[in-house]
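Work through each task with the structure open, then compare with the solution.

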Amino acid sequence: MDLDYLLFLQELRNDWGGETFFSLVSALPKSALAAAIPAILFWCVNKNAGIFILFNATCGRVINELLKGTFCVYRPWIKDATIIPATDTLQKSSSWSFPSGHAQFGTAIFGGFAFFYRKVLAKPIIAFFALIVLLIAFSRNFLGAHTPQDVLFAMIYSIGLFFLVEKIFAWIGKDEERQFFFFIVGLIVVSVIFMWLYFKPYPEDFIGGKVLVDPLVARADAFDALGFGLAFFLGWFMEQRFINFKTKVSPKDKLWRIIIGFAVLGVIAVAVYPLLKLFLSVGAYKFFKAFLPFFSILFIIPLIFTKVEQKFNH
């Protein structure tokens, strides 16, 4: 039934179009907007809101990689050769299908914002963010990248994380011992997940003498999970202990924080990534591609703008 649904959507895509629109929607979780929401909240508006969204995004991503690498569910077009995904989708899709990383990340960012501010936002605004999440999930089906269960499960566990993370951070509060405990447990969990994904056996099924998913490529995804996990726990903990900046600053300082922040992220994307890709292995590149932007948002950029503010404001 799930593949029949994808074939129905494929006919709609071929007959009526819509691929361009849904490709743009599908790209939202990896867009500058997705980075801007938690980053600006964290630097300038409400650190708790920024941390909440960033943790849901990174923790959800680690869980996503764990599930992908554990269940090793093939993509829809491998299950049924009559399913032909959108060209851009085929080129950018990772090794395994279940669950959907785009649906998870979109739920974490846009749904996380609506969840955190659910008591103060107007219902139409919450509905708007919910619509974005649903459109992202649907786009993955429409483009042939995922089955319905891939996106539904990703959204369900991402929403479940909202409630769990809210309780975790309420328990941590400002208690330094609890913060340290959370930090250490986080590092251990991320390391164990990495070891599992890196050393576990992966299926090696062949069609026409060609392996469907190269185990080396699958193992490289372990570095992706490690990068996201370490970025959050190291960045969050180091900022708490060594910077602990405040968001109650002048509008001018807030503007400069945003300028500095996105200048750093821009340099990473434009200059650092190409160099890393040129000189590093696939696994190492995946690690730093995941690690650098989140660690920069949480620690490097706050370190820079606090130094700048100290120099020019005192």
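A crossing is left-handed if the near helix is turned anticlockwise from the far one by less than a right angle, and right-handed if clockwise. The model is predicted.

**Exercise 1.** Carry out the analysis for α4 and α7: find the angle, the axis distance and the hand of the crossing.

Solution. 
- Step 1. Helix α4 spans residues 47-71 and helix α7 residues 101-116. Their axes lie 9 Å apart at an angle of about 155°.
- Step 2. It follows that α4 and α7 are roughly antiparallel to each other.
- Step 3. The crossing of α4 and α7 is right-handed.
- Step 4. From α4 the contact draws on residues including Ala-49, Phe-52, Ile-53, Gly-60 and Arg-61, and from α7 on residues including Phe-105, Ala-108, Ile-109, Gly-112 and Phe-116.
- Step 5. The contact of α4 with α7 is made up of 10 nonpolar, 7 polar and 2 charged residues.

**Exercise 2.** Which residues form salt bridges with Arg-61, and is Arg-61 buried or exposed?

Solution. 
- Step 1. The cut-off is a side-chain nitrogen of Lys or Arg within 4 Å of a carboxyl oxygen of Asp or Glu.
- Step 2. Glu-65 meets it, with its closest N and O atoms to Arg-61 at 3.3 Å. Both residues belong to helix α4 and are 4 residues apart, about one turn of the helix.
- Step 3. Asp-224 also forms a salt bridge with Arg-61, at 3.2 Å between the closest N and O atoms. This pair links distant parts of the chain, since Asp-224 is in helix α11 (residues 215-242) and Arg-61 in helix α4, 163 residues apart.
- Step 4. Buried means under 20% relative accessible area. Arg-61, at 17%, is therefore buried. Glu-65 is buried at 8%, and Asp-224 is buried at 9%.

**Exercise 3.** Locate the salt bridge between Arg-257 and Glu-309 in the chain, and classify both residues by accessibility.

Solution. 
- Step 1. The closest N and O atoms of Arg-257 and Glu-309 are 2.7 Å apart.
- Step 2. Arg-257 is in helix α12 (residues 251-279) and Glu-309 in helix α13 (residues 282-313), so the bridge ties together parts that are 52 residues apart in sequence.
- Step 3. Arg-257 has a relative accessibility of 1% and counts as buried. Glu-309, at 14%, counts as buried.

**Exercise 4.** How many salt bridges does the count give, and which residues are joined into one network by shared partners?

Solution. 
- Step 1. Applying the distance rule gives 7 salt bridges.
- Step 2. Salt bridges with shared partners join Arg-61, Glu-65 and Asp-224 into one network.

How values were computed: Residues are numbered from 1 along each chain as its sequence is written. This is a predicted model: local features need pLDDT of at least 70, side-chain atom pairs count only at pLDDT 80 or more; totals for chains, interfaces and linings use all residues. Side-chain values use heavy atoms; hydrogens and water are left out. Axes are lines fitted to C-alpha atoms, for helices over the stretch in contact, and angles run from 0 to 180 degrees between N-to-C directions. Helices (H or I, at least four residues) and strands (E, at least two) are DSSP runs, numbered from the N terminus. Angles under 35 degrees count as roughly parallel, over 145 as roughly antiparallel, 65 to 115 as roughly perpendicular and the rest as oblique. Contact means heavy atoms within 4.5 Å. Ala, Val, Leu, Ile, Met, Phe, Trp, Tyr, Cys and Pro count as nonpolar, Asp, Glu, Lys and Arg as charged, and the others, Gly among them, as polar. Buried means under 20% relative accessible area, exposed over 50%, partly exposed in between (1.4 Å probe, protein chains only).
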